[in-house]
Every structure is written in structure tokens, then in C-alpha cells.
Amino acid sequence: MRIDVLTLFPEMFSPLDSSLMGKARQKGLFELYCHNVRDYSADKHKKCDDAPFGGGAGMVMMPQPIHDCIMTVDPLHEAKRIYLSPRGKVFNQQMAKQLSQESRLLFLCGHYEGVDQRVLDMDVDEEISIGDYVLSGGELAAMVVADCVLRYVPQVLGNSQSTEEESFSSGLLEYPQYTRPQNFLGMQVPEVLVSGNHKSIDDWRREQSLKITARNRPDLLEEK
Ligand code: ADE
């Protein structure tokens with residue numbers, strides 16, 4: 001998979017060089033290219049934003065630098081082009097799985113009060129929000145979506161990790177996990193987990209998943 005990010009702050013994307021995603025990128029399991037929208041501004045001062053027509057607070061990102069950047073990075077429209085914005089469709093695990101089927105993704109990160117609507121109408125396929133709150137820009141949202149999508153790209157997760165058993169995959173939240181030592185500061189690991197009885201372990205985990213989901217996310221149970 002190839003990901004192109006269009007942003008005014010390319011230096012924000014270093015988190016994708018660490019941990020699991022850093023290793024996957026080094027192994028060539030995905031490519032990430034960050035493009036500074038400012039480099040595409042035709043203005044002599046490299047201006048990228050201006051006041052909104054109709055008035056109002058804040059600045060709006062101008063269409064020209066964004067359009068020219070998109071035309072350079074993805075001239076044949078091979079990428080699924082996504083604008084990160086709080087008014088987009090709310091991102092979830094299902095959308096991550098679907099996006100992981102694409103060979104190319106392009107993320108447009110907005111700043112200030114948003115992006116001129118004409119460039120969105122002309123050049124963008126989808127608007128995605130990562131939740132009902134407002135960030136200062138689309139960069140953190142793009143990283144959240146990229147991380148979540150890339151976990152479905154073959155070999156990004158070693159075989160030690162699985163996307164099947166974790167929260168949301170089954171429609172339930174994940175059961176509690178324990179590791180050594182069996183006694184930590186007097187707190188014991190639940191007996192059933194050291195019983196060797198796989199049926200009992202599966203039953204206990206399912207029961208715990210249901211309890212945690214009912215307590216923290218009853219809406220997930222209503223959907224089923
Ligand atoms: N930009 C600002 N807030 C956002 C959000 N919640 N999701 C995606 N992009 C954003």
C-alpha cells in the first residue's frame with residue numbers, strides 16, 4: 001500500500017516511524033510520502049490561507065495549492081482521496097478493513113477553519129472524521145486512520161498479533177488479559193486461565209467481553 005499525505009506540517013508524521021508501523025515501513029510493507037502543501041503555492045509569499053467569503057472567524061485553506069499538489073501527487077486519480085474533517089463520516093473498524101483493500105490512499109489534512117469547498121468537490125472522494133470532537137488539524141486524524149488501516153495490510157502485524165480477536169472485530173470489546181507473574185502484589189490471575197480447560201477459558205472470555213461491553217459500550221450490544 002502507498003499513502004500520500006498532504007499537509008502544512010509534514011514533520012508531524014514521525015509517529016509512523018516508530019514501533020510496529022516503523023518496522024513495517026522499514027520492511028517496505030507500505031510506503032508513506034508526506035507533501036508540504038505550501039510548496040505548491042503559486043503566491044510569492046507561499047500563502048496558503050485567506051479569510052472566508054461571507055465573513056466569520058478564522059482562515060480557510062485556498063484551493064490552488066491543494067489542487068496543484070493533488071494533481072502532482074496523484075495525476076491519474078489512482079488513490080482513494082480522503083479529507084479528514086470533523087464533519088466527515090465517523091471512522092470505524094469496518095471502514096479500516098475496507099480502506100485496507102485500496103492500493104493507494106491520499107489523506108488531505110485541513111487546518112484553520114477548513115478547506116475551500118471547491119477543491120473538496122473537485123478532487124476528494126470521501127470525508128472522514130475520527131470522532132465527535134474538534135482537533136486543531138487533520139494530521140492526528142490522518143495518523144489514526146493510517147495506523148488502523150495499515151494493521152490490515154498483510155504482514156504488518158506479525159503472527160503474534162491478530163486483528164480477529166481484538167475489540168470491535170467480534171462486535172464486542174476485548175476480554176481482560178494477564179501474563180506472568182501469576183501472583184502480582186497479592187493479586188492472582190483468574191483461576192480459569194491457568195486451568196488448561198480451553199472450553200472454560202473461551203466461555204469465561206466471552207462472558208467478560210459481554211460484561212465489559214454492557215458496562216462501557218451498551219450501544220454495541222443494541223446493534224447486534
Ligand atoms: N480535523 C479536526 N477535527 C477532526 C476530527 N474529529 N476528525 C478528523 N479530522 C479532524
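1. Start with the ligand's nitrogens. One nitrogen atom of the ligand lies 3.1 Å from a polar backbone atom of serine 85. A nitrogen atom also sits 3.0 Å from a polar backbone atom of isoleucine 130, and a nitrogen is 2.8 Å from a polar backbone atom of tyrosine 133. A polar contact here is a pair of N or O atoms within 3.5 Å; within protein, one must be able to donate a hydrogen and the other to accept it, and residues adjacent in sequence count only if both atoms are side-chain atoms. On its own the ligand has 260 Å² of accessible area, and the protein covers 96% of that (Shrake-Rupley method, 1.4 Å probe).

2. Before going on, keep in mind that this is a predicted model: local features need pLDDT of at least 70 and side-chain atom pairs count only at pLDDT 80 or more, while totals for chains, interfaces and linings use all residues. Residues are numbered from 1 along each chain as its sequence is written, and side-chain values use heavy atoms, with hydrogens and water left out.

3. Now the shell around the ligand. Among the surrounding residues are Leu84, Ser85, Pro86, Ile128, Ile130 and Tyr133 (a residue is near if one of its heavy atoms lies within 4 Å). By class, the shell has eight nonpolar, four polar and no charged residues; Gly counts as polar and Tyr as nonpolar in this scheme. β5 gives the most to the shell, with three residues. Strands are DSSP runs of E, at least two residues, and helices are runs of H or I, at least four, numbered from the N terminus.

4. Where does the ligand sit? It sits in the second largest pocket, meaning that more than half of its atoms lie within 2 Å of the pocket's grid points. A pocket is an open set of points on a 1 Å grid over the protein atoms alone, where a 1.4 Å probe fits, with protein on both sides within 12 Å along at least five of seven lines; lining residues have an atom within 4 Å of a point.

5. An unreviewed UniProt entry lists Gly110, Ile130, Gly131, Asp132, Tyr133, Val134 and Leu135 under "binding site". Of these, the pocket lining includes Gly110, Ile130, Gly131, Tyr133, Val134 and Leu135. Glycine 110 is in the loop between β6 (104–109) and α4 (117–123).

6. Two backbone spots to look at. Arginine 180 and proline 181 are joined by a cis peptide bond, with omega about 5°. Serine 19, in helix α1 (residues 19–26), has a positive phi near 55°.

Definitions and conventions
UniProt positions are given in the numbering used here, feature names are shortened, and annotations may be inferred rather than shown by experiment.
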